[in-house]
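Please work through each task with the sequence and the model in view before reading its solution.

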Amino acid sequence: MNPHAELVSRLRAAWLSGKTRPMEYRVAQLEALGRFLEEKKQDILEATALDMGKPPFEVELSEISICRSELHHALNNLGTWMKDEHVEKNWATQLDSAFIRKDPYGVVLIIGPWNYPINLLLVPLIGAIAAGNCVVMKPSEISRNVERLVAETLPRYLDKDCFAVVTAGVEETTRLLENKFDCIFFTGSPSVGRIVMTAAAKHLTPVTLELGGKNPCYVSDTCDVQNVARRVAWGRFFNAGQTCVAPDYVLCSVEMREKLLPALREAIAEFYGSNPRESPDFARIVGDKQFRRVQALLCSGRVAIGGQTDAEARYIAPTVLVDVQQDDPVMQEEIFGPILPILTVASVDDAIAFINARERPLALYVFSSRKKVVNQVLEQTSSGGFCANDTIMHMTLTTLPFGGIGQSGLGRYHGRFSFETFSHPRSTLFRGAGREALNAPRYPPYTASRLPLLRATTETKRRTACTLL
């Protein structure tokens with residue numbers, strides 16, 4: 001017997017009862033989630049500090065504030081999102097009602113990661129609640145203090161008949177995935193994403209996979225170097241580089257590299273002081289295994305800035321590498337740590353070719369004062385998201401979808417897109433029970449003479465272009 005089968009069955013019975021469907025219920029659960037964020041704020045700060053030394057400022061900004069923003073956006077717009085969406089009709093259905101009903105999927109599974117353990121668990125949860133689902137949540141066991149906090153306290157705020165938290169390691173999660181869910185939302189690595197997708201395929205369960213990848217950052221010769229350095233350093237070293245949308249490497253000309261290096265050194269000193277190890281604003285690597293993996297990448301190229309490490313404290317200094325080759329270890333995987341390689345290219349065309357020769361990233365960044373250069377990179381590349389002249393900030397907009405493409409992910413969320421991710425757009429047509437004479441032309445026995453009428457009443461005609469003289 002699967003250890004989680006009874007739990008999933010209990011939640012499915014609650015969903016089938018219709019309990020989660022009324023707007024009032026959804027609002028009440030979202031408001032309860034808001035109380036969790038407010039009342040457990042200090043506990044969240046302490047747990048994230050214990051897990052990876054996260055500065056309180058970064059936790060406020062990237063965990064609590066983003067969740068609160070998503071929550072308020074959902075509460076402000078839920079009534080509109082839930083409304084039936086009426087659609088255009090052909091002549092045959094002019095007297096009928098045709099619309100899209102936003103149905104909840106049912107019982108959904110959300111598997112969260114360790115790097116932003118509150119944000120990346122609760123933001124999809126907000127969408128799942130707003131859409132009217134029952135939810136099983138599986139926080140990461142790697143961020144163990146946050147996992148314990150969520151497991152022990154979040155169920156006190158939400159309806160236990162419809163929402164549950166499961167704590168599980170790799171083997172237990174494998175067993176959890178054996179159950180039939182109606183939708184699975186996973187955030188993590190591409191390798192584990194494939195495992196999740198394989199398990200979902202057994203039940204033909206739809207999945208959203210928020211993965212990652214190596215996010216390029218092209219810096220053109222026409223930009224404010226000091227501003228670029230500050231924005232790139234902030235995006236790369238925020239949360240000690242453990243951010244799926246952090247700039248993973250920089251592409252620039254040799255001339256720009258020589259300008260950028262001293263500017264990056266200055267920005268790092270400004271942010272974290274002469275010894276970042278002593279800074280209260282610089283986080284730590286989450287675990288020993290992760291520390292060893294990131295530390296091994298320092299052998300690539302040459303260390304131009306930083307490079308200091310402390311295994312006991314799981315500290316890796318903000319580091320910039322130069323003379324990096326395409327086949328170096330640091331360029332073979334997502335870094336997920338405070339290391340920034342700089343590679344040189346001769347032109348924007350070479351940068352585009354370099355980017356397109358690799359898997360499509362979760363985010364792509366370009367810095368240039370020339371709009372033509374920005375548009376060229378946007379039009380000639382493909383990525384989950386795109387941001388010009390800054391890093392990470394596109395994540396703060398509830399009105400933009402967040403998600404990857406190809407190896408960096410499948411599906412999207414944030415704001416209304418979260419609601420849509422956890423909703424099934426149900427095609428609905430209400431026809432009148434009478435007026436049967438109008439249906440007669442489509443019934444057998446068929447005659448060719450009826451086809452022109454049927455085509456006229458059911459086919460969509462192409463509009464004629466209007467040309468102004």
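**Salt bridges and a helix pair**

A network of salt bridges links Arg 257, Glu 258, Arg 302 and Asp 323, where a salt bridge is a side-chain nitrogen of Lys or Arg within 4 Å of a carboxyl oxygen of Asp or Glu. The model is predicted, so that local features need pLDDT of at least 70 and side-chain atom pairs count only at pLDDT 80 or more, while totals for chains, interfaces and linings use all residues. Residues are numbered from 1 along each chain as its sequence is written, and side-chain values use heavy atoms, with hydrogens and water left out.

**Exercise 1.** Determine which parts of the chain are linked by the salt bridge of Arg 21 with Asp 103, and classify each partner as buried, partly exposed or exposed.

*Solution.* Begin with the distance: the closest N and O atoms of Arg 21 and Asp 103 are 3.6 Å apart. Finally, apply the accessibility classes, in which buried means under 20% relative accessible area, exposed over 50%, and partly exposed in between (1.4 Å probe, protein chains only). Arg 21, at 34%, counts as partly exposed, whereas Asp 103, at 8%, counts as buried.

**Exercise 2.** Classify the partners of the salt bridge between Glu 141 and Lys 138 by relative accessibility.

*Solution.* The closest N and O atoms of this pair are 2.9 Å apart. Glu 141 is partly exposed because its relative accessibility is 31%, while Lys 138 is buried because its relative accessible area is 3%.

**Exercise 3.** Describe how helix H12 packs with helix H13, and which residues meet.

*Solution.* First take the geometry: H12 (residues 348–356) and H13 (residues 371–380) pack at an angle of about 25°, with their axes 10 Å apart, the axes being lines fitted to C-alpha atoms over the stretch in contact, and angles running from 0 to 180 degrees between N-to-C directions. That angle makes H12 roughly parallel to H13, a class that covers angles under 35 degrees. Then list the contacts (heavy atoms within 4.5 Å): Val 348, Asp 349, Ile 352 and Asn 356 in H12 meet Val 373, Gln 376, Val 377 and Gln 380 in H13.

How values were computed
Helix = DSSP H or I, 4+ residues; strand = E, 2+ residues; numbered from the N terminus. Parallel < 35°, antiparallel > 145°, perpendicular 65-115°, else oblique.
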